[in-house]
Structure formats: structure tokens, C-alpha cells
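Hi,

Here is the structure I promised to pass on.

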Amino acid sequence: MNLSDLSPFTPAIVDAVSGLEHNDPISRRLRELGFVEGEPVSIVARGPIGADPLLVQIGYTRFALRRTEAQRVSIHLAS
């Protein structure tokens, strides 16, 4: 499951960040921001037009991500 598919306020855990190409700068930046394996993540809000951008909380920090950026983050639901 990708982060872009997650329903708001549903707790999940990051599995991995995948790049669209070798050495993808967006995927690298997401990992630098804390989107790493084992981190808790949730969607706090969605934008009004096409649900873009997404307000994502990872740990205690919130980020606005485009849906295309959130699609790079693989997650599983927290138990």
C-alpha cells in the first residue's frame, strides 16, 4: 500500500521509499526528512482539489506532500 492511498487519521508504518529512477532526488529527500522503515505515519488532511496536497505527519513533524511524492512511500497499517 502507498501513503497516497491511506485514509486520514489511520495509523501506519513506513516500509520503504522507492524511486522512480536510479538516484531519484525526491525519494532521497523523503528519506532525509524521516520517511524511513519503521517510522509511524498518518494523513492529517487532504487538499480540497483532487486531494492534493496531503498533510502528512511522521513522528511529531508534519509535511505537505504532493500525491505523486506520497506514492513513493510504501506503508502497512499499524496494528
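Predicted model: local features only at pLDDT ≥ 70, side-chain atom pairs only at ≥ 80, totals over all residues.

A search of the whole structure gives three salt bridges. Side chains of opposite charge can pair when their charged atoms come close.

Take Arg72 and Asp24, whose closest N and O atoms are 2.8 Å apart. This pair ties together distant parts of the chain, 48 residues apart: Arg72 is in the loop between helix H2 (67-70) and strand S5 (73-77), and Asp24 is in the loop between S1 and helix H1 (25-33). Arg72 is buried, at 7% relative accessibility, and Asp24 is buried too, at 6%.

Next come Arg29 and Glu32, with 3.4 Å between their closest N and O atoms. Both sit in helix H1, three residues apart, or about one turn of the helix. Arg29 counts as partly exposed at 46%, while Glu32 is exposed at 54%.

Then there is the salt bridge between Glu69 and Arg66, at 2.9 Å from N to O. Here Glu69 is buried, with a relative accessible area of 13%, but Arg66 is exposed, at 52%.

Now the single residues. Ser4 lies in the segment before strand S1 (12-17) and is buried, at 3% relative accessibility. Leaving aside residues up to four places away in sequence, Ser4 touches Arg46, Leu54, Arg67, Ala70 and Gln71.

Tyr60 is in the loop between strand S3 (52-58) and strand S4 (61-65), and it is exposed, with a relative accessible area of 85%.

Cheers

How values were computed. Residues numbered from 1 in each chain as written. Heavy atoms only, no water. Helix = DSSP H or I, 4+ residues; strand = E, 2+ residues; numbered from the N terminus. Buried < 20%, exposed > 50% of the residue type's maximum accessible area, 1.4 Å probe, protein only. Contact = heavy atoms within 4.5 Å. Salt bridge = Lys/Arg side-chain N within 4 Å of Asp/Glu carboxyl O.
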